[in-house]
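Please keep the viewer at hand as you go through the points.

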Amino acid sequence: MNVIITLGLTSSVYIIVLVTSLLYHFRWPLRLKLYRMSNWWHMRRTATQRPIDNADYIYDVFVIYNKDDSHWTRKVLVPQLEKYTTPKFRLCFYERNWLPGRDIVDCISESIRISRKTLLVITNSFTKCQWCYLEMTMAQHNVMNTDRDNVLLAVMEDIEEINLNPRLTLLMKSKPYLEWTNDNNGQLLFWEQMKQFLSKADNGSFIMSTPADEEVTSSLQIFA
């Protein structure tokens with residue numbers, strides 16, 4: 001009897017480990033399929049899709065990134081959104097759209113104001129840059145002032161705990177964010193989710209989506 005019980009427990013543990021390993025190995029294809037199924041079901045339930053309101057905006061998205069991530073932004077992100085998609089998105093980023101000699105704070109403020117969305121390309125280099133922190137702060141203030149949940153985070157790598165400041169932690173707690181990966185299915189999911197976010201006319205209220213006070217307090221206490 002003891003042998004049967006032992007064999008049963010061993011088999012159960014083996015099956016659990018095997019299933020867990022398979023789920024982890026195929027996590028990105030599974031996430032992509034689940035996302036597409038969810039998106040298909042949502043589109044079926046939505047009779048009409050609200051048109052994008054471009055009346056007060058020159059750009060679809062203002063991209064905030066660190067200069068160390070300039071190559072990926074210019075060579076991967078920009079072509080993906082401005083060339084390899086329909087409809088094409090209009091991007092604003094400092095290397096191309098800011099006039100030399102203008103005050104940087106004014107450029108940041110104007111870029112946020114004339115763009116429907118703001119995209120933060122989050123890396124460890126981003127978290128260490130004071131200018132990126134300022135841009136992130138101004139984008140978050142704009143969200144609070146307008147109560148429009150129009151900021152998207154694209155986390156490009158594992159962020160070291162020492163680089164997680166309270167403001168970034170709060171943003172990551174308050175809303176879903178995109179994750180970049182080397183997996184091909186993971187990258188497809190990354191682009192599909194980003195384009196869906198950018199295509200929406202309005203992402204609703206930021207205040208209503210903010211975590212409870214105790215969650216915010218908890219996240220801030222980590223850095224106290």
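1. Start with glutamate 110, which pairs with arginine 102 in a salt bridge whose closest N and O atoms are 2.8 Å apart. Please bear in mind that this is a predicted model. Glutamate 110 counts as partly exposed because its relative accessibility is 28%. Arginine 102, at 35% relative accessibility, is also classed as partly exposed.

2. Glutamate 110 has another partner to look at: a salt bridge with arginine 113, with 3.9 Å between the closest N and O atoms. Glutamate 110 and arginine 113 are 3 residues apart in helix H5 (residues 104-113), so about one helical turn separates them. Arginine 113 is exposed, because its relative accessible area is 52%.

3. Next, find lysine 175 and aspartate 149, whose side chains form a salt bridge at 3.7 Å, N to O. This pair links distant parts of the chain, 26 residues apart: lysine 175 sits in the loop between helix H8 (166-174) and strand S5 (178-179), and aspartate 149 in the loop between H7 and strand S4 (151-155). Are the two residues buried or exposed? Both lysine 175 and aspartate 149 are buried.

4. One further group deserves a visit: Asp60, Arg90 and Arg116 are joined into one network by salt bridges that share partners. In total, the structure holds 7 salt bridges.

5. Sorted by class, the lining of the largest cavity comprises 6 nonpolar and 2 polar residues, with no charged ones.

6. Tryptophan 131 belongs to helix H7 (residues 130-146). With a relative accessibility of 44%, tryptophan 131 counts as partly exposed, so it falls between the cut-offs of under 20% for buried and over 50% for exposed.

Definitions and conventions
Residues numbered from 1 in each chain as written. Predicted model: local features only at pLDDT ≥ 70, side-chain atom pairs only at ≥ 80, totals over all residues. Heavy atoms only, no water. Helix = DSSP H or I, 4+ residues; strand = E, 2+ residues; numbered from the N terminus. Buried < 20%, exposed > 50% of the residue type's maximum accessible area, 1.4 Å probe, protein only. Nonpolar A, V, L, I, M, F, W, Y, C, P; charged D, E, K, R; others polar. Salt bridge = Lys/Arg side-chain N within 4 Å of Asp/Glu carboxyl O.
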